[in-house]
Amino acid sequence: MRATSVQNTPVQPAQPQPDQVPNWQPLNDFAERKQQDSGLKAWIAVVEGCIKAIEKTAWQGREIADQAITACKAVTRGANAVNEEMQLLADEARRWPARLKRLTKTGWMLTKVVTSYRLWGTRAAFLPGSMRDAALANLHKRNAKRFRDTSLEQGGAFLKIGQLLSSRPDLLPQAWVDELAVLQDQASPVAFADIAAVLEQEFNQPLDTLFAHVDPQPLAAASIGQVHRARLHDGREVAVKVQRPGLDEVVELDMTLLKVFMDAVKSALPPMDIDTIVNEIQRTVREELDYQREARVMTDIGRQLAAIPGIRVPTLVPECSSRHVLTTEFIQGEKLTLTLDRLKTSDPARVSALLSTLLDAWFCQVLHGGLFHADPHPGNIMITPDNTLVLLDFGCAQALTDDARRGYFRVLQACIVGDETVIADTLTALGFVTRSGDPATLLAFVSAVLDQVRDAIINPDQQAGWPSPEAMMQQVSELLGQLEHDPVQTLPGDFIMLARVFGTLGGLFLHYQPNVDVATLVLGYLTRPLDGPTTAHTTSQAA
């Protein structure tokens, strides 16, 4: 609603205040088995949470009545004012039933998921130990399918949330990661007529004035945008990413539902700073709606990587870009993993060279650029016929302050030489806080993330340095045990994105096990002075 539509709004009955929102303590008590009768209380808390979300939508419905009153009063301002207010009223009336429908479907799914987990504690008490693990695994799989199916049906921001969660094996059980993985490449395409309407509305020009040709078949359809190949009137081939119509109207509702859901289930997840993680997910989803910000990030990262051979960022076409449209040069290429799978046995040296360039690119962004692409999954990386890596989709990016960049630089240096005191002191200065204040959990964290890099530097035989699956599981188990004993209560937001990036890259390296000279690559960064103040200060508002 526009500000003008609220100026003459009558006084409304008092809405529920934030401090009246039902808390989730009964849920936490139930999960921690602090009381025997909290199964019913858990259910009541879940229902209250969904009712609260429904109430929020219902109060949006009051805006229809308020807008009608405003439209009537507008008669004193003339016919044009009445027409404008009536149009706003019609728009609001059309949107509200869609919001309620979306809330009903998504809210009911989340209610079932949350309730099943809360009732699991009671059910598990009556199961023999031999059956308990299998029953819990089945519960995880069933709930993950519910979440996946709703994400595919609802699309938009909710699908994006599912995609983000699918890349967090540290946050979700493996069954969830496996089920949600299909969301990475699945999104129903928008009809081309709707895409054309967005283009014409954004630039206030007919489609054939903007482009000489636009292929109606999309190159890719994602949760936020859809990409079409096009040709400009000067003959340049371009890729046009167009934001799905109507996303702004559902994002905030989806964010509310995510918060309700995570608040309810966080006691069943590994001890972690869930609030920071949720805030980062919300931030990244909202930022991906702003293609002007993405254009600035893409241009800045392109400048950072210009000196690295074999890496490329598409060139922006600014005259055909806006908040909801992003146009870049078109580059022909193949998805990263398709190339790597084909070359794994026939040309392992090329696989190693490509992954070495990939690792070089992210060390450059994090340690010297201060701004990094935060979603390096294989769908966002292409290989051209001449072996150039092309980075795509800069909607999810993270800027680092100079203090943070230098801090992570010191942690990496200290990890290589095994200086635990410097690691602990630096992480504390960066904003990591454990419940006890003891650094043991922080050191286990760093060990899980950076031990592979340290071993590759110390061990001259790179192939002998790859850990076995059993060793990886042992390290994860030890980390989770440490987290249970002394949780990390506060994490800096930028670390969420760093962990996501190097977790994704680490998965690629563990799968393909390239023969990469990590020692030369990493020591090349650690033995030269850090640059002065980076572009992070000038891009922080955009990233």
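Which residues does Leu305 touch, not counting residues up to four places away in sequence? Leu305 touches Ile311, Val313, Ala361, Cys364, Gln365 and Leu391, where contact means heavy atoms within 4.5 Å.

## Basis and confidence

This is a predicted model, in which local features need pLDDT of at least 70, side-chain atom pairs count only at pLDDT 80 or more, and totals for chains, interfaces and linings use all residues. Residues are numbered from 1 along each chain as its sequence is written, and side-chain values use heavy atoms, with hydrogens and water left out.

The pLDDT is the predictor's confidence in each residue, from 0 to 100. Its mean over the chain is 74, and 64% of the residues reach 70 or more. Residues 1–62 have pLDDT below 50, and this stretch has 80 contacts in the model beyond near neighbours in sequence. Over residues 532–543 the pLDDT also stays under 50; there the model has 32 contacts beyond four places in sequence.

## Nonpolar cores

A nonpolar core is a set of buried Ala, Val, Leu, Ile, Met, Phe, Trp, Tyr and Cys residues joined through side-chain atoms within 4.5 Å. Buried means under 20% relative accessible area, exposed over 50%, and partly exposed in between (1.4 Å probe, protein chains only). The largest core has 95 residues, of which Leu305, Leu358 and Leu412 touch the most other members. Helix H13 (residues 348–369) gives the largest share of this core, 11 residues. Apart from it lies another core, of 18 residues, including Leu199, Leu232, Val240 and Val317.

In soluble globular proteins, nonpolar side chains tend to be buried together.

## Helix H14

Helices (H or I, at least four residues) and strands (E, at least two) are DSSP runs, numbered from the N terminus. Helix H14 covers residues 402–417, and its end C-alpha atoms are 23 Å apart. That agrees with the 22 Å that its 16 residues should span at 1.5 Å a residue, because the expected span is 1.5 Å times one less than the number of residues.

Among the buried residues of H14 are Asp402, Arg405, Tyr408, Leu412 and Cys415. Just after H14, Gly418 takes a positive phi of about 75°.

## Asp494 and the cysteines

Asp494 lies in helix H18 (residues 493–512) and counts as buried at 16% relative accessibility. Leaving aside neighbours within four places in sequence, Asp494 is in contact with Phe372, Gln398, Leu400, Ala404 and Tyr408.

Cys396 is buried, with a relative accessible area of 3%, and Cys415 is buried at 5%. The whole structure has zero disulfides, a disulfide being a pair of cysteine sulfur atoms within 2.5 Å.
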